[in-house]
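Colleague: I would like to go through this model with you, one question at a time. Please define each term when it comes up.

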Amino acid sequence: MPRQVDLARGADLDGFRRAARALVAAGVAPTDVVWNADSEGLFAPEDLGDAPPLSLPRALATIVSEAVPHSDPERYALLYDLVWRVTHGAREVVEIASDPVVARLHGMQKSVRRDIHKMHAYLRFRSLGPSAPGEPERFAAWFEPDHWILEAAIPFFVERFRAMRWTIVTPKGSAHWDGDRQTFGPPGTRADVPGSDGFEAGWTGYYESTFNPARTNPKLMRQHMAKKYWHNMPEAAAIPALIRSASSRVDAMVEAPPTMSLKREPQGALAAMMEGGAPETLEALNAIIRKSGPLVPGATQAVVGEGPANASVVFVGEQPGDEEDLKGRPFVGPAGRLLDRAFGEAGIERRDVYLTNAVKHFKFEQRGKRRVHSKPTAGEVSHYRWWLLKELELIEPKLVVALGGTAVLALTGKQVPITRARGPATLLEDFAGYITVHPSYLLRLPDEDAKAAAYATFVDDLRRVREIGGATRRGAVPA
Ligand code: URA
């Protein structure tokens, strides 16, 4: 008789882990289990007894934690199928992207990540005023996620709005922050959150002033931001009128003095939304980059990023060097060889991560026969910034690693001393960030002892990157 496992409503990661351990230990094959997702938790999986943790490849542990919040009721059955095969001799199956179960789970991971991204980008708080005179002001927001992402999405808001007191209400649960402690509560309805407050005039004004009528593409705007999010966003009320007046506003823009273009200064989600005809896949983006000419003449070709389109970690360097320019691939010269060695020592497989550069063309000074690297200016970095942000938006990595100052400048718009900022950092709102030195800095250190010490610290950084971003196929962690 098949075993029934009832898991609690939502993302029951602990329940799934406990059940999977117990079922594997008892030798229960996937075909003999009926997974009842989103039950009221009446039949807790403790009934199955306790079993020791399973040793699963890190990549599978990541799939489990990222696919469990998906709303597909089949998620647990698919995950257990994979866990079973991995624990019965097919350890490598996790890496076979064409395996139908792996492919479906990767799709779920991507959809969950996108849902979290949308919540971060489109949720808007409204003021509720203070609960009593003299008390701090409270805020509330309504959001409709597709998946059970509330717990995964909340740390971003805690970090960003730590000083405020707020509640986020969704049909799948609510979250509260009292300035000190985070708690979760029952679901709510849109009526629980007031519709508008004075703050909205500010949002709408900001949006109207940044709206670029020449780039209006209503179809793409809807594709990028489903209409269901529009009513949450005060600035969206301005959209129909702005679209209607777009053509006369374009005429006015042509007459007006030049301003900073969106291409140089993208405004996060708004810019992406308004980039009419922007590429929607990494291949399409890279094809355009390849066709674009260098800002400074001389480069043989554009060097685009390299690695899996669903990599969980993206490394951003400065610009291609001499060898990269000739071969058309990033990090294949001396700095790349050093990076490969450090990856090896940190347990990172190069083929698992995405490597790219802030600037896509080699800039150099010709000295005799040598082409000597010349640092890109802030203006050049800003010119390529749109491409880089688009790459990251399409890959949706878990972690973005800035290798050196130019990458930090490209990602944050700021010049930052690397030695002070080194380690986990906020580079962009939508992705966790990490700052470390550029490998060519290590190559340039004149003193051998200093070089060895700096290299060891760099490898330590990469180990932390691997821990945070899961950028490896090696190693095993308990599920
Ligand atoms: N340095 C970089 O920043 N990128 C490369 O691709 C090579 C060297």
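Colleague: Which residues surround the ligand?

Modeller: This is a predicted model, in which local features need pLDDT of at least 70 and side-chain atom pairs count only at pLDDT 80 or more, while totals for chains, interfaces and linings use all residues. Residues are numbered from 1 along each chain as its sequence is written, and side-chain values use heavy atoms, with hydrogens and water left out. A residue is near a molecule if one of its heavy atoms lies within 4 Å of it. The residues around the ligand are Gly317, Glu318, Gln319, Pro320, Gly321, Glu324, Pro330, Phe331, Asn357 and His438.

Colleague: How many residues of each class does the shell around the ligand have?

Modeller: Ala, Val, Leu, Ile, Met, Phe, Trp, Tyr, Cys and Pro count as nonpolar, Asp, Glu, Lys and Arg as charged, and the others, Gly among them, as polar. Sorted this way, the shell has two charged, five polar and three nonpolar residues.

Colleague: What share of the ligand's exposed area does the protein bury?

Modeller: Accessible areas come from the Shrake-Rupley method with a 1.4 Å probe; for residues, only the protein chains shown count as cover. Taken alone, the ligand exposes 240 Å², and the share buried by the protein is 93%.

Colleague: Is phenylalanine 331 buried or exposed?

Modeller: Helices (H or I, at least four residues) and strands (E, at least two) are DSSP runs, numbered from the N terminus. Phenylalanine 331 is in the loop between H13 and helix H14 (334-346), and its phi is near 50°, a positive value in a residue other than glycine. Buried means under 20% relative accessible area, exposed over 50%, partly exposed in between (1.4 Å probe, protein chains only). With a relative accessible area of 5%, phenylalanine 331 is buried.

Colleague: Which side chain does aspartate 325 join in a polar contact of 2.8 Å?

Modeller: Aspartate 325 belongs to helix H13 (residues 322-327). Its relative accessibility is 0%, so aspartate 325 counts as buried. Its partner in the 2.8 Å side-chain contact is arginine 371.

Colleague: Why is helix H2 largely enclosed by the rest of the structure?

Modeller: Helix H2 covers residues 58-67. Among its buried residues are Leu60, Ile63 and Val64.

Colleague: How far apart in space are alanine 311 and valine 353, C-alpha to C-alpha?

Modeller: Alanine 311 lies in the loop between helix H12 (282-291) and strand E9 (313-317). Alanine 311 is buried, at 2% relative accessible area. Along the sequence, alanine 311 and valine 353 are 42 residues apart; in space, their C-alpha atoms are separated by 5.3 Å.

Terms used
A polar contact is a pair of N or O atoms within 3.5 Å; within protein, one must be able to donate a hydrogen and the other to accept it, and residues adjacent in sequence count only if both atoms are side-chain atoms.
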